[in-house]
2 protein chains.
Amino acid sequence: MKVVLVGAGNLATNLAVALQQSGHTILQVFSRTSQSAELLANRVGVPAITSLSQLSQEADIYIVSISDSALSTFDYTAFPTHSLVVHTAGSIPMDVIPLERRGVFYPMQTFSRQRIVDFSEIPIFVEAASDDDTQFLTDFAHTINNKVYRLSSADRLYLHLAAVYCSNFVNHCYAMSEDILRQHGLPFSVMLPLVDEVAAKVHQVSPHEAQTGPAIRHDENVIRHHFSLLENDPQLQEIYAIMSKHIAND
Amino acid sequence: MKVVLVGAGNLATNLAVALQQSGHTILQVFSRTSQSAELLANRVGVPAITSLSQLSQEADIYIVSISDSALSTFDYTAFPTHSLVVHTAGSIPMDVIPLERRGVFYPMQTFSRQRIVDFSEIPIFVEAASDDDTQFLTDFAHTINNKVYRLSSADRLYLHLAAVYCSNFVNHCYAMSEDILRQHGLPFSVMLPLVDEVAAKVHQVSPHEAQTGPAIRHDENVIRHHFSLLENDPQLQEIYAIMSKHIAND
């Protein structure tokens, strides 16, 4: 397939590498910022453009990976009507794109430019306005990996919400742990074997079965003691109390 | 070293395997429950005992891996005064053991009988009442791995507290995510690549630097929208609100 990437951020960077590895041709990388456009374009060896007037009309698919807020103000008239235009946002409905051939291609992962992830492991959630385009997009996603799911905009919202718990909130728990350790002269690296094991465990058993710790044991002595250790940090204490209450009620 | 294991739970089971792999001799496994004692004793091929009157007096070190509450009521008079007696609990002070040669050997990990973990990767936190025993225990721990830290009972409390955030609270985030997915017909397995990447990322960058998502971006539209999606689940909504507030303030 001939592809144009609109946006040159973390997701676009990772996707560009995966698309080339799967044999697709990236015609152009567009970004409003010439520095971002060139950074990615140079990385994958394709032309960078910064004006929509330069947009190639030859692509089979245009993949728009820009911020959620930019998606609603983007000028979609630049795209040819004979091609499919998709965005990659978990929490934005497909219909933000005011075109007949519109869709969503949502690879669910946390991306950074510095870490190129293995795209073949990432589930891709697709949606399109017509049955033909749904099939087209499903086939396209299958060239990258075999974890392709069709999902409506309404259900994708909940998927994205579930991902916030599994990534953003999990990472914040790591950050709070780091704060406690730092106050006692310990590096966060001592936690890494535990971090890895907790993640590995839920590959084998459901998170509800995997729960351990004072809250699920209803060990009030330890809970009260932990709570008192946090008396100088009301924020951490608030999280401790609420998480423990929810685990105990689960 | 000649070792007696007191307790036959998840930690004792994993430790027994690691001790034998490191060339130590387990003389006995003690448990009040004959079934638990025999299960572990058979697994490692050593005698099981269920009465402290049968306790060997020949061990160099006695490792007491029993519940936090049992540690405070245990009959420590059964141990020979010439040997070191240690417990393995993160949140219990060393001085719960009323003996001159007392200490703590705390391998920080989440253990289950079904999953034998690689002990060489687990940090071990040691403490003893005398300098000689601290050295003895440090050397002993080094026979298992090279991640050995000396830590006081006071600091170990905070370490254990930090571990609750990194394991119990993280796992609860996974569980909440699973609940949301289940309500929309999606299996938790779609989250596993994300779970793994979030854990892998903090091997390279600090959790504070690794934070992503709507809260750290102060994306009020997405946050409000997510909040409204959870209106039928006040528990999940409460966690969403408080975690997002804390991430935004971080």
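This is a predicted model: local features need pLDDT of at least 70, side-chain atom pairs count only at pLDDT 80 or more; totals for chains, interfaces and linings use all residues.
**View 1. Chains A and B are related by a two-fold axis.**
A rotation of 180° superposes chain B on chain A, with 0.0 Å of shift along the axis. The RMSD of this superposition is 0.1 Å. That is the relation of a two-fold axis. In chain B, the C-alpha of B:Val170 is the one nearest the axis. It lies 2.6 Å away.

**View 2. The two chains meet through the same surface.**
Chain A gives 69 residues to the contact, and chain B gives 69 residues. On chain B, the elements giving two or more residues are H5 (153–182), H6 (192–201), H7 (207–210), H8 (220–229) and H9 (234–249). Which element gives the most to this side of chain B? H5(B) does, with 24 residues. The side of chain B that touches chain A divides into 41 nonpolar, 19 polar and 9 charged residues. Of the interface residues of chain B, 100% are also interface residues in chain A, so the copies meet through the same surface.

**View 3. Helix H8 of chain A has a buried side and an exposed side.**
H8(A) spans residues 220–229. Its buried residues are A:Val222, A:Ile223 and A:His226. They cover an arc of only 100° around the axis, which puts them on the same side of H8(A). An α-helix has 3.6 residues a turn, so residues three or four places apart point the same way. A:Glu220, A:Asn221, A:Arg224 and A:Ser228 are exposed on the other side of H8(A). What do the buried residues of H8(A) pack against? Their partners are helix H9 (234–249) of chain A, together with helix H3 (68–73) and H5 of chain B.

**View 4. Helix H8 of chain B packs against helices of chain A and chain B.**
B:Val222, B:Ile223 and B:His226 are the buried residues of H8(B). Seen down the helix axis, they fall within an arc of 100°, so they line one face of H8(B). The face turned away from this buried side carries the exposed residues B:Glu220, B:Arg224 and B:Ser228. From chain A, helix H3 (68–73) and helix H5 (153–182) pack against the buried residues of H8(B). From chain B, H9 packs against these buried residues.

**View 5. Strand E6 of chain B is largely enclosed.**
E6(B) covers residues 102–107. Why is this strand largely enclosed by the rest of the structure? Because 6 of its 6 residues are buried. B:Arg102, B:Val104 and B:Tyr106 point one way from E6(B). B:Gly103, B:Phe105 and B:Pro107 point the other way.

**View 6. Strand E6 of chain B pairs with E5(B) and E7(B).**
Strand E5 (residues 84–87) of chain B runs parallel to E6(B), and 3 bridges join them. In this pairing, B:Val86 stands opposite B:Gly103 of E6(B). Strand E7 (residues 124–128) of chain B pairs with E6(B) in the antiparallel sense, over 5 bridges. Here B:Phe105 stands opposite B:Val126 of E7(B).

**View 7. Chain A is assigned two domains, domain 1 and domain 2.**
The domain assignment gives domain 1 as 2–151 and domain 2 as 157–249. Taken over C-alpha atoms, 35 Å separate the domain centres. The contact between them takes 6 residues from domain 1 and 5 residues from domain 2. On the side of domain 1 that touches domain 2, the residues divide into 3 nonpolar, 3 polar and no charged.

Methods:
Residues are numbered from 1 along each chain as its sequence is written. Chains are lettered from A and ligands numbered from 1 in the order in which they are written. Two residues are in contact if their C-beta atoms, placed from the backbone, lie within 7 Å. Helices (H or I, at least four residues) and strands (E, at least two) are DSSP runs, numbered from the N terminus. Ala, Val, Leu, Ile, Met, Phe, Trp, Tyr, Cys and Pro count as nonpolar, Asp, Glu, Lys and Arg as charged, and the others, Gly among them, as polar. A residue is buried if 20 or more other C-beta atoms lie within 10 Å of its own, exposed if 12 or fewer, and partly exposed in between; C-beta atoms are placed from the backbone. Two strands pair if DSSP finds at least two bridges between them. The arc is that of the directions from the helix axis to the C-beta atoms. Domain bounds come from an automatic or database domain assignment. Copies are superposed by least squares on the C-alpha atoms of residues with pLDDT of at least 70 in both.
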